[in-house]
Amino acid sequence: MKFSYYMPTRIVSGTDCVAENAGLMAPLGKKAFIMTGKSSAEKIGALSDITGALESQGISWVYHNKVKPNPSLEEVRESAAEAVEAGADFIVAIGGGSPMDAAKAVAVLAAEDVTDDQLLSQRTFNKVLPIVAIPTTAGTGSEVTPYSILTNNKLQTKSNLNSGQLFPQIAYLDGKYTKDLPYHITAATAADALSHSAEAYLAVRAIPLGQSLALESLSIMGPILPKLAKEKTLTIEERGALLYASTLAGIVIAQSGTTAVHAMGYSLTYFKDIDHGKANGMLMSEYFRFVGKERPDEVAKVLSALGFDSVDAFEKVMEDLLGKEKLSSEEASKFASIAIKAGNIANTTPAPSEEDLNYILSTCFVE
Ligand code: NAP
Ligand code: FE
């Protein structure tokens, strides 16, 4: 069996895991640059947990709460200049995928002067600052991936920075941080995690080790999603389970990547401001039908892990979970023409044509 697996992130999980495992950060340096979104990290107590943990190790810190959702190449350059000015030895990211992905780009840009093209195309860098990731959504899995997805205004899409050096050194998983996550973010981020496991399971670059983890994560999410769709709320245990499942899904995409769903989703986010996970979740049923034409048994396995016996039953729950959005037919064909150029199309099997992508987008969004 021929495959390669690399996942160097130390994962520590459980309530209060930041305080209880503060010592893991001691070797990373004497000054931390803490990156968060606008306010959630502070409100949920994650910021005070990390500052307390850093201080317990004699590490000083600078706080940067300026990461916006879907961070851009321009924004991460500004943040990197601040990290250099602060004399940061390492970066701590608290938040959803946006702060974690921004932190990865800053970890490169604060250590080395590279152009945007080099940042996006190079697989190795001379130096990258160590990264500590604390996810507060469940989620992107960015805490265990080598990817940073950045808004690329020049290309009018999202571009993927990809280097093995971007795996965070440490991922602290504490489900309590997701306790007050509003319904629409819980639903969208859960759909993102689902898309990671489902896409990576069906990807060209799928590996058996990743597929096992994908099925495990889907079977954890399966019963939680219909309940979330119906009751709009989750217990703290369910939230912890969802966080674990999303980290598993991150480990899977770290090995096998995403496919046409993510490729199409980037335009929905860039042009229509639809949340990343919601965009993926809304495309998923039609993607299953497309792949299922040639690979019905494998799609059935994914659905069965989630607890569904048909795409139709799955589609109904996803609609309840995420609602509906509309596109014009001109928008659908424009987005298909952008998506067909994305790198993750080559990771999709059967290989879709631009017409296939247009059909999927139109069926999901054009009335
Ligand atoms: P996000 O953009 O990081 O955050 C969305 C919103 O959620 C923000 O307004 C944030 O508020 C709020 N929020 C976060 N945690 C919260 C909490 N615990 N309680 C209340 N509000 C909270 O959302 P995301 O969906 O996690 O990340 C999306 C980004 O990740 C996209 O750019 C996507 O492309 C990327 N992504 C990356 C990977 C990867 O492998 N690297 C994979 C998939 C997606 P504040 O601003 O106040 O914090
Ligand atoms: Fe994603």
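Student: Which residues coordinate the iron ion (ligand 2)?

Tutor: In this predicted model, the iron ion (ligand 2) is coordinated at 2.2 Å by Asp192 through OD and by His196, His262 and His276 through NE2.

Student: And how are those donor residues spaced in sequence?

Tutor: The pattern for the iron ion (ligand 2) reads D-x3-H-x65-H-x13-H. His262 sits in helix 10 (residues 260-272) and His276 in helix 11 (residues 276-292), so this pair, 14 residues apart, links distant parts of the chain.

Student: Are His262 and His276 buried or exposed?

Tutor: Both His262 and His276 are buried.

Student: OK, new topic. How many residues surround ligand 1, and which are the closest?

Tutor: There are 29 residues around ligand 1, and the closest are Ser40, Ser98, Thr136, Thr137 and Lys158. The shell divides into ten nonpolar, 15 polar and four charged residues.

Student: What do the side chains of Thr136 and Thr137 do there?

Tutor: An N or O atom in the Thr136 side chain is 2.8 Å from a nitrogen atom of ligand 1. For Thr137, a side-chain N or O atom is 2.7 Å from an oxygen atom of ligand 1. Tyr147 comes in through its backbone, with an N or O atom 3.1 Å from a nitrogen atom of ligand 1.

Student: How much of ligand 1 does the protein cover?

Tutor: The protein covers 87% of the 940 Å² of accessible area that ligand 1 has on its own. Helix 5 (97-109), strand 6 (147-152) and helix 7 (183-202) are the elements giving two or more residues to the shell.

Student: Let's look at the backbone. Where is the cis peptide bond?

Tutor: Between Thr349 and Pro350, with omega about 0 degrees. Pro350 is in the loop between helix 14 (329-339) and helix 15 (354-365).

Student: And what is phi of Asp273?

Tutor: Near 60 degrees, a positive value in a residue other than glycine. Asp273 lies in the loop between helix 10 and helix 11, and counts as exposed because its relative accessibility is 63%.

Student: What about Asn70?

Tutor: Asn70 also isn't glycine, and its phi is positive, near 55 degrees. Its loop runs between strand 3 (60-64) and helix 4 (73-86). At 24% relative accessibility, Asn70 counts as partly exposed.

Conventions: Residues numbered from 1 in each chain as written. Chains lettered and ligands numbered in written order. Predicted model: local features only at pLDDT ≥ 70, side-chain atom pairs only at ≥ 80, totals over all residues. Heavy atoms only, no water. Donors = N, O, S within 2.8 Å, 3.2 Å for Na, K, Ca; no water. Helix = DSSP H or I, 4+ residues; strand = E, 2+ residues; numbered from the N terminus. Buried < 20%, exposed > 50% of the residue type's maximum accessible area, 1.4 Å probe, protein only. Near = heavy atom within 4 Å. Polar contact = N/O pair within 3.5 Å; in protein donor to acceptor, adjacent residues only side chain to side chain. Areas by Shrake-Rupley, 256 points an atom, 1.4 Å probe, with all protein chains shown as cover. Nonpolar A, V, L, I, M, F, W, Y, C, P; charged D, E, K, R; others polar.
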